Amino acid sequence: MKHLCFFILVFSFSLLFSQDKHLLYNQKHNPQALLLNPGLAYESTHFHVSLPVLSNFYASVGNTSLSVDDIFNSNPINSAIEEAISGISKSDFVSFSQKAELFQVGWKFRDIYFSTGAYQESYGVINFPEDILELAYFGNAGQNRSYDFGQINFKANLQTVFHFGMNKKVNDKLHLGARAKLYTSSFNARSQDNRGQFNSLEPSSGLLLEQSLTNLSLNLEIAGLDVGNEYYLGNISMRDLLINDVLFGLNMGFGVDVGLSYRLRDNLEITASLLDLGFINFSNDVEKQTATSDYDYDGLSFLLSSGSISIPRLDLLEEFEDNVPVSSIPHSYLDMQPAKVNLGLTYEFGSNLSNAEACNCFKAREDSTNQSLSVHGFGMLYAGNFFYSLNAMYQRSFWESLYAKISLGTNQYNTFNYGASLALDVWKVNVFMNINRLNEIRNVYFSKSLALQFGMNFKF
Amino acid sequence: MRLFLLSILFITSCTDDRALDYTEFEITPNVELNLVEIEYPAFAINAVGNSIGFPIDIDVFGNDLTNTNIKSIQLNFFVENSINQPQDISLVFYDTSGVETFRIEKTIGAPSASVNPIIERFEEIVDVDFFSKTTQAEMIISQPSSASTGTFRLECVLESTLILEDE
C-alpha cells in the first residue's frame with residue numbers, strides 16, 4: 001500500500017429485493033461490483049473495507065405467475081385462489097434468495113487488487129406442482145384423471161461463503177480476475193427427479209374407481225441443521241442459532257469465480273464473468289427419505305372362493321403402509337452451486353467536463369467519456385429452472401461526481417421492467433441507489449418481484 | 001439502520017389501500033376413496049352358519065382431526081346379487097372400546113327369472129361426529145339357509161368433503 005492518499009471506507013447499506021443485479025454490474029467505482037465480476041476494470045483505490053453486518057444486505061422473492069393482486073382483489077378470496085391455481089403451470093416456480101455480507105476488505109499490492117471477505121446467504125426454488133395443487137384444492141372426486149408426482153421439485157440451501165479474490169490489470173485493454181470460495185452449508189434440502197402418478201379413474205363397470213400409484217418414486221434429501229432434535233426454538237436465542245450452526249455449517253465445498261473485461265476499442269468494452277462454479281459435499285447430518293410404489297388399490301378386499309372361509313381383519317392404514325413403503329437412510333450427496341454467467345457490452349461516448357484542479361471546467365477532457373450505452377445478460381440454471389435477465393442501459397456522469405443510469409429489460413418473470421441508478425460522489429461521501437421495476441413501483445401489489453438497492457460509501 | 005427503515009417505508013408506501021384479508025380463505029376438496037370390496041359364493045356363508053362378518057380397522061379416521069377437517073362423509077354402495085335368496089347387509093361401526101357408534105342396514109332382494117342379477121346402488125350419509133369416534137367396522141351379511149346358487153358382490157366407496165381453513 002505505497003500510496004495511502006485515498007482511504008475508502010465503504011458503508012454499504014444495501015437492501016435489494018430482486019435477483020437482478022444488472023444495475024450494480026460493471027459499476028467501476030464500486031468495490032461491491034467485484035463480487036459480480038472479479039475481472040472488473042475497477043477504478044483502483046488503495047484500500048477499502050466494509051463494516052460487518054452493516055454492509056450489503058440483500059433479500060429477494062419472486063414467482064413467475066402470481067402477484068398480490070391475483071389473490072387479493074375485488075373477487076372473494078376463494079374464487080381468486082381457484083382462478084390462480086387454474087392459471088398455474090408446472091413450469092412456474094417461486095424463488096427466494098437472501099444475502100448478508102459479514103465483512104469485506106480490499107487492498108492493492110503492486111499491480112493486483114486483492115479482496116477477501118465472507119457473506120452468509122440462503123436461496124431456494126420451489127416449482128408449483130400443478131397436479132398436486134389441483135388434487136389438494138379440488139380433490140379427486142369426479143375428476144377422472146391422473147396426477148403427476150414428477151412435478152414435485154424443490155431445492156434450498158443455507159450457507160456461509162468465505163472468499164479471496166484477485167483483480168489484475170494485465171494491460172491497457174485487459175483486466176482479469178478470479179475469486180476462490182469456501183462454502184460451509186448449515187442446511188440443505190432437495191427433492192428432485194421424482195416420478196410416478198396417482199390415478200383416480202372412473203370404472204368401466206361397477207363402482208370402485210381405478211385407483212393406483214404407478215411407478216412412484218419420491219425422494220427427499222436433507223443435510224445439516226437438525227433443529228427439531230438439537231434445539232427447541234422456544235428455548236434458544238437467534239444468536240445461538242446464527243453463531244453455532246447457521247454461520248459455520250458442517251458440510252463444506254469449494255468454488256471459483258472468474259471474470260474479465262476487455263477493451264475491443266478505446267470506447268468499446270466487453271465484460272464477462274462466471275460465478276459460483278463449485279459444489280458442496282454433504283456428508284454430515286445427512287438423510288434420504290424415499291417412497292416407492294406400484295400399487296393398484298381396490299379397497300380392502302374380501303374375495304372368497306370355494307373352500308376359502310378364513311376372514312382376516314384388514315387394516316386400512318396397514319394396507320397403505322405395506323404397499324407404499326417409506327424408507328429413511330443416511331445418504332451422502334454432492335450438490336452443485338447455482339452457477340451464474342454475466343455478459344456485458346459497453347459503448348462509451350461523450351466527453352467529461354473536468355472538475356480537477358487547474359482546469360477550465362467548461363472544457364471537455366479528451367481522456368474521459370461521460371456517457372455509455374450497455375447491454376447486460378445474466379443466466380443461471382438452478383434446480384432445473386432457468387433464471388435470466390437481459391437489460392439495455394444508458395449511463396451519464398456529470399462532473400465525475402454524479403452518475404445516473406436507466407435500464408430497460410426483461411427476466412424470468414416474463415415482464416418488462418424499467419430500472420434506474422443514481423450515484424453521488426461529493427466531498428467524502430459516495431451514495432448510490434439502484435431501483436428496479438420502476439414501472440410497478442406505483443403499486444407493488446401488481447408486481448411479481450421487487451428490487452431496491454442503495455449504499456453509502458465514505459472516502460478518506 | 002435509518003437507511004434500512006427508510007427503504008422499508010419506501011417499499012410499503014407504494015401500495016394501495018386494499019385489505020389483505022384472508023380470514024375467509026378455506027380449502028374444501030372433495031375426495032373419493034375405494035373402501036371395501038366383498039365377493040362370495042352362496043355356499044361360503046352357508047358353511048359358517050348363514051352369517052358372516054368382514055372386519056376392518058379404520059382407526060386412521062378415529063381422531064379429533066377427522067372432526068375438525070372433515071365436513072361431510074357419504075358411503076356409496078354398489079351391490080350385485082345373483083344368489084337365489086335375499087341378502088341382509090349390516091355395516092356396523094365401533095369405537096376403541098368396541099361400543100357401537102352407528103350402523104347401516106340394507107336388504108338386497110333375490111333375483112327373479114327376468115332380472116338376474118339384482119343390481120342396486122345406494123348412498124348413506126354418515127354423521128362426522130360419529131365417524132370421528134370410529135376405529136373399527138364390520139360388514140355382516142346374512143342369508144337364509146336355502147340359498148344355494150349364485151354369487152354376491154359389494155363395492156363401497158367413501159366420498160368426503162374435507163375442510164382446511166385459516167384459524
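This is a predicted model, so please keep that in mind throughout. I start in chain B with F130(B), which is partly exposed at a relative accessible area of 39%. Its ring pairs with that of F102(B), and the pair is stacked, with 6.3 Å from centre to centre and 25° between the planes. F102(B) counts as buried, because its relative accessibility is 11% and the cut-off for buried is under 20%. As for location, F102(B) is in strand β6 (residues 100–108) of chain B and F130(B) is in helix α4 (residues 128–132) of chain B, so this contact ties together parts 28 residues apart in sequence.

How many aromatic pairs does a search of the whole structure find? Over all chains, the count is 22. Another of them is in chain A: the ring centres of Y297(A) and F320(A) are 4.9 Å apart and the planes are at 40°, so this pair is tilted. Y297(A) belongs to strand β14 (residues 286–297) of chain A, and F320(A) to helix α6 (residues 316–323) of chain A, so the pair ties together parts that are 23 residues apart in sequence. Y297(A) is buried, at 3% relative accessibility, while F320(A) is partly exposed, with a relative accessible area of 30%.

There is also a cluster: F302(A), Y40(B), F54(B) and F152(B) are linked by ring pairs.

Two lysines belong in the section on rings as well. In chain A, K99(A) lies over the face of Y119(A), 4.2 Å from the ring centre. In chain B, the charged end of K106(B) sits over the ring of F122(B), at 4.9 Å from its centre.

Next, the sheet. In what order do the five strands of the open sheet run? The order is β15(A)-β2(B)-β9(B)-β4(B)-β7(B), with mixed pairing. At the edges are β15 (300–303) of chain A and β7 (118–126) of chain B, each pairing on one side only. On average, and ignoring direction, neighbouring strands of this sheet are turned by 15° against each other.

Within chain B, strands β4 (residues 70–81) and β9 (residues 151–162) run antiparallel and are joined by eleven bridges. I70(B), for example, has L162(B) in β9(B) as its bridge partner.

As general background, nonpolar side chains in soluble globular proteins tend to be buried together. Here the largest nonpolar core has 52 residues, and Y40(B), L75(B), M139(B) and L154(B) have the most contacts inside it. Strand β4(B) supplies the largest share of this core, five residues. To take L154(B): leaving out residues up to four places away in sequence, L154(B) touches V36(B), E37(B), I38(B), F77(B), F78(B), V79(B), I89(B) and M139(B). A second, separate core has eleven residues, including I77(A), I81(A), A84(A) and Y137(A).

After α3(A) comes G139(A), with a positive phi near 80°.

That is the last item on my list.

Conventions:
Residues are numbered from 1 along each chain as its sequence is written. Chains are lettered from A and ligands numbered from 1 in the order in which they are written. This is a predicted model: local features need pLDDT of at least 70, side-chain atom pairs count only at pLDDT 80 or more; totals for chains, interfaces and linings use all residues. Side-chain values use heavy atoms; hydrogens and water are left out. Helices (H or I, at least four residues) and strands (E, at least two) are DSSP runs, numbered from the N terminus. Two strands pair if DSSP finds at least two bridges between them. Axes are lines fitted to C-alpha atoms, for helices over the stretch in contact, and angles run from 0 to 180 degrees between N-to-C directions. A nonpolar core is a set of buried Ala, Val, Leu, Ile, Met, Phe, Trp, Tyr and Cys residues joined through side-chain atoms within 4.5 Å. Buried means under 20% relative accessible area, exposed over 50%, partly exposed in between (1.4 Å probe, protein chains only). Contact means heavy atoms within 4.5 Å. Rings of Phe, Tyr and Trp (its six-membered ring) pair if their centres lie within 6.5 Å; planes under 30 degrees apart count as stacked, over 60 as edge-to-face and the rest as tilted. A charge sits over a ring if NZ of Lys or CZ of Arg is within 6 Å of the ring centre and within 35 degrees of the ring normal.
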